[in-house]
Amino acid sequence: ARRATSEARRMLTTLVLGAVAFSGGSRVGLSRSRVAMSSRSEEPWNSDIIAKTTMSKMDLESATGTKSAAVAAPAAPKAAAASSSGKQDFLEANPYWDVTNIPLNTYKNKTPFTGKVISCKRMVGPAATGETCHIVIGHEGKMPYWEGQSFGVIPPGTNPKNGKPNSVRLYSIASSRYGDDMTGKTGSLCVRRATYTDPETGKDDDSKKGVCSNFLCDAKPGLAVTMTGPSGKVMLIPEQTPTADLIMVATGTGIAPYRAFIRRLFVEKTPAGEAYKGQAWLFLGVANTDSLLYDDEWQASLKTHPKNFRLDYALSREQNNKAGGKMYIQDKVEEYAEEIFAKLDGGAHMYFCGLKGMMPGITDMLERVATSKGLKWSEKLEELKHKGQWHVEVY
């Protein structure tokens, strides 16, 4: 009887292992116990991540019945297939560009979701004007989102002005729908720590610092984060037109949605990336070289997709504009005004994300160029908005 039981367990173990390797259906009693990550920089958002599933002793005992164990929820079959094939297609609409069922406001202020911080890392150099962090938050696959959307974060505590709980803050999501680990169970934020320095004393005044940005930038792995969303449809990629050029203008952390765009189009093996034939042109404005965000990722995409990706920086403290003044984002965009207008006439989509203070300079510059071309800017802008080519998300 003992030999028969041992033989039965051996056969069952073989069947279970075979099912893990070959089954496209659900996995019972098995869980992802360890994820091995290998990359040059060992950062969780590095695109060279290699994941593999191994079985722990507890998993094996659960699968073979040697100890009692609860039955695990079925795993998504396409997700398992994507892990082995390297393709990211298990979170796609059908067809992939259909926005009919985009996730929208799944979690609201009164019924928020609780995520957990996976990692929080400073991502700027020592001479940067302020601290910016890349924060990866786990959502267990329960808070799906699309590129161009935002998460709301409700920091703990109360507002000292009214004694009420802190209100929600919106942050553009800086990862594709698959997350930096490509499991579809995480989302990333790009957050600059907001501080206030007293001009008279030269010292930081903690009473005036940004409540939510400091909460997030101080986060440690495992910290609970109260979240709402995802929200927004203004900044979506026009995937139904894969030949459309994308002109992306950002200041500082406004880079977040464009990182999601670029990962989807040029880093991950998605249907959108395979179909894309246009040019994605990124303009980023920051103070200096140490303040650049995700530069290593942009350089990698330039090497892999030189015809489809283009990059220009405006470094206000290191570069001069044509008039000899500081190089701001509108100055850099103006250098290519003729080409940008031609692209817009050809159906390109233009995006703006970052501090709202950049928009007057941008629109004034575009109005000057339009006037020089014999165009009325107000009419041209209305045309772009009507055709869905003008996307603005500023704060």
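A residue counts as buried here when its relative accessible area is under 20%. With that in hand, here are some notes for a first look at this predicted model.

1. **The chain as a whole.** The protein chain contains 11 helices and 11 strands. Of its 395 residues, 44% count as buried. Among contacts in the chain with a separation of 6 or more, 71% are between residues 24 or more positions apart.

2. You will find Glu268 in the loop between helix 5 and helix 6 (271–275). Is Glu268 buried or exposed? Its relative accessible area is 5%, and because the cut-off is under 20%, Glu268 is buried. The side chain of Glu268 makes a polar contact of 2.7 Å with the side chain of Ser176. Setting aside neighbours within four places in sequence, the residues in contact with Glu268 are Gln88, Ser176, Tyr178, Gly179, Met182 and Arg263.

3. **Glu92, another acidic residue in a loop.** Glu92 lies between helix 3 (77–85) and strand 1 (113–122), in the loop that joins them. At a relative accessible area of 19%, Glu92 is buried, since the limit is under 20%. Which side chains make polar contacts with that of Glu92? One is Tyr178, at 2.5 Å, and another is Arg264, at 2.7 Å. Not counting residues up to four places away in sequence, Glu92 touches Arg177, Tyr178, Arg264, Thr270 and Pro271. Tyr178 is worth a look in the viewer, as Glu92 touches it and Glu268 is in contact with it too.

4. **Aromatic rings.** The structure holds 15 aromatic pairs. One of them joins Phe266 and Phe309, with ring centres 5.8 Å apart and planes at 50°, so this pair is tilted. The pair connects distant parts of the chain, for Phe266 belongs to helix 5 (residues 256–267) and Phe309 to strand 9 (residues 309–315), 43 residues apart. Phe266 is buried at 7% relative accessibility, and Phe309 is buried at 2%. Ring pairs also tie these two into a cluster with Tyr276, Tyr294 and Trp298.

5. **A charge over a ring.** While you are looking at aromatic residues, turn to Trp281. The charged end of Arg310 sits over the ring of Trp281, 3.6 Å from the ring centre.

6. **Helix 7 and its two sides.** Which residues of helix 7 (residues 295–304) are buried? They are Glu297, Trp298 and Ser301. Viewed down the axis of helix 7, these buried residues fall within an arc of 100°, so they line one face of the helix. In general, an α-helix has 3.6 residues a turn, so residues three or four places apart point the same way. Asp296 and Lys303 are exposed on the other side of helix 7. The cover over the buried residues of helix 7 includes helix 5, strand 8 (280–286) and strand 9.

7. **Helix 11, read in the same manner.** In helix 11 (residues 377–386), the buried residues are Trp377, Lys380, Leu381 and Leu384. Around the axis they cover an arc of only 100°, which puts them on the same side of helix 11. Glu379, Glu382 and His386 are exposed on the face turned away from that buried side. What do the buried residues of helix 11 pack against? Their partners are helix 9 (337–345), helix 10 (358–372) and strand 11 (390–394). After helix 11 comes Gly388, whose phi is positive, near 75°.

8. How many disulfides does the structure hold? The number is 0. For Cys120, the closest cysteine sulfur is that of Cys133, and the distance of 4.3 Å is too far for a bond. Cys217 likewise has its closest cysteine sulfur in Cys133, at 3.7 Å, again too far for a bond. The reason in both cases is that a disulfide needs sulfur atoms within 2.5 Å. Cys217 is also buried, with a relative accessible area of 7%.

Key
Residues are numbered from 1 along each chain as its sequence is written. This is a predicted model: local features need pLDDT of at least 70, side-chain atom pairs count only at pLDDT 80 or more; totals for chains, interfaces and linings use all residues. Side-chain values use heavy atoms; hydrogens and water are left out. Rings of Phe, Tyr and Trp (its six-membered ring) pair if their centres lie within 6.5 Å; planes under 30 degrees apart count as stacked, over 60 as edge-to-face and the rest as tilted. Helices (H or I, at least four residues) and strands (E, at least two) are DSSP runs, numbered from the N terminus. Buried means under 20% relative accessible area, exposed over 50%, partly exposed in between (1.4 Å probe, protein chains only). A charge sits over a ring if NZ of Lys or CZ of Arg is within 6 Å of the ring centre and within 35 degrees of the ring normal. The arc is that of the directions from the helix axis to the C-beta atoms. Contact means heavy atoms within 4.5 Å. A polar contact is a pair of N or O atoms within 3.5 Å; within protein, one must be able to donate a hydrogen and the other to accept it, and residues adjacent in sequence count only if both atoms are side-chain atoms.
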